[in-house]
Protein chains: 2
Amino acid sequence: MNVLLVYAHPEPTSLNGTLKDFAVQRLQAAGHAVQVSDLYAMRWKAPIDGDDHPGRDPQRPFHASLDSREAYANGRQSDDIAAEQEKLRWADTVILQFPLWWFSMPAILKGWVDRVYAYGFAYGVGEHSDRHWGDRYGEGAMAGKRAMLVVTTGGWESHYAARGINGPIDDLLFPIQHGILFYPGFDVLPPHVIYRSSKVGEQNVADVLEGLGRRLDGLAVDAVIPYRRQNAGDYLIPSLELRPGLAEGAKGLGIHQRG
Amino acid sequence: MNVLLVYAHPEPTSLNGTLKDFAVQRLQAAGHAVQVSDLYAMRWKAPIDGDDHPGRDPQRPFHASLDSREAYANGRQSDDIAAEQEKLRWADTVILQFPLWWFSMPAILKGWVDRVYAYGFAYGVGEHSDRHWGDRYGEGAMAGKRAMLVVTTGGWESHYAARGINGPIDDLLFPIQHGILFYPGFDVLPPHVIYRSSKVGEQNVADVLEGLGRRLDGLAVDAVIPYRRQNAGDYLIPSLELRPGLAEGAKGLGIHQRG
């Protein structure tokens, strides 16, 4: 299959660089085609602004979503954005790899999302009716594709456990996994998280790579997170609240998973 | 008091621009000193990289946190970073104002956090022992200061409600409010969220501004989110899991609040 690896780390000789190189080799050895968007190496422009829409009337106020819609619809997006969208179309599976900085993705990767996820491409698509609130959360341009996060953290696994002080890793990643990946239609695999990344050294790097390797081997077959689809009956429209009777009395972001 | 408003929106004539201008006027009229970091107007550099540490040995691999520590300790950070840190020292209250893009902050604001929050300034401070795991989560350089988010969303309030499909707004903002603000010591006020921002027009903008005005009037006195302090006995050290007996059986990020 075709795998796009979107990679956000500034230092090629880092653990993240090692993981990325390993991933490319492992995937290619398994017969997959791989493209890497190495955002730091590409000097990816992070902030969305009017320069993303060449030829726009500079007198008109810039509107991030409406400008994005117009530029996408008219084929007048900046080339870097269009190229990433083409890679997403090409891909069967997308991996986002990054160090967890301040409990989220690095700015440069957030800027990839903000700019590549154009109106008409990743959102604002599909019919709006009293039974269908647009193609999102399980439907959309990425439907049929899979996605997975590969994340390193400096902190300990227990700090990200169910009762850990940082918050459970699945809750911290919910805005990304549910809000950025499931929203435009990806099926989302459980994340692969490498804790205490600064303690990975020559002694244990082989184990760490093998752990990642097993996840890469399972990309096409491992079970995905069973997020509830928006338009399949579990949510009221238009309030988009979970239907009474489902997960009654339950708390936490887990209510947005089936079963 | 001294208020720092960190503002991330590309268009001055937008609702966000109007809110920002209103906030400055309201705060100044109440006798406060205000500084604004208008990140788009400043053309803030978002990605952290070796250029943030002028004079570093370019042959040495770049390490985001260790380079940051060395540059901070030796007074060799880039000027834009040092200037923002000085504003943070000056401020009694910090407001982060931004549109919620993909369930988090815009890339340019994440880049402000990634770069300004240096090792030795916002993290990696304080004693590490079997009773004290560094000055963080309620202690640290920002202790005694307050912070508040002002956030606009395109989506409806019900979509961000306890059972709303996007996830509860407090959970989506937890990585920011708990992980970026409470972590270095801020007392965090409940967020001020303006939903369905595209529906704010001439008819109702006065109400929206007045709603923000009331929150600004209460900055110094309103109750803050009662997050649990890391080193005050509620967490086991070093696992940093909530101590048995506290919030037993409870789920969700709310367990990290007292009471």
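In which loop of chain A is Tyr137(A) found? Tyr137(A) is in the loop between helix H4 (107–116) and strand E4 (146–152) of chain A, where helices (H or I, at least four residues) and strands (E, at least two) are DSSP runs numbered from the N terminus.

Before I go on, this is a predicted model, in which local features need pLDDT of at least 70 and side-chain atom pairs count only at pLDDT 80 or more, while totals for chains, interfaces and linings use all residues. Residues are numbered from 1 along each chain as its sequence is written, chains are lettered from A and ligands numbered from 1 in the order in which they are written, and side-chain values use heavy atoms, leaving out hydrogens and water.

Tyr137(A) has a positive phi of about 50 degrees, although it is not a glycine, and this residue is buried, with a relative accessible area of 0%; buried means under 20% relative accessible area, exposed over 50%, and partly exposed in between, with a 1.4 Å probe and protein chains only. In chain B, Arg43(B) also has a positive phi of about 50 degrees without being a glycine, but Arg43(B) is exposed, at 67%, and lies in the loop between strand E2 (33–38) and helix H2 (64–73) of chain B.

Let me turn to the cis peptide bonds. One joins Ile237(A) and Pro238(A), with omega about 15 degrees, and Pro238(A) is found in the segment after helix H7 (230–234) of chain A. In chain B, the bond from Ile237(B) to Pro238(B) is cis, with omega near 15 degrees, and Pro238(B) has its place in the segment after helix H8 (230–234) of chain B.
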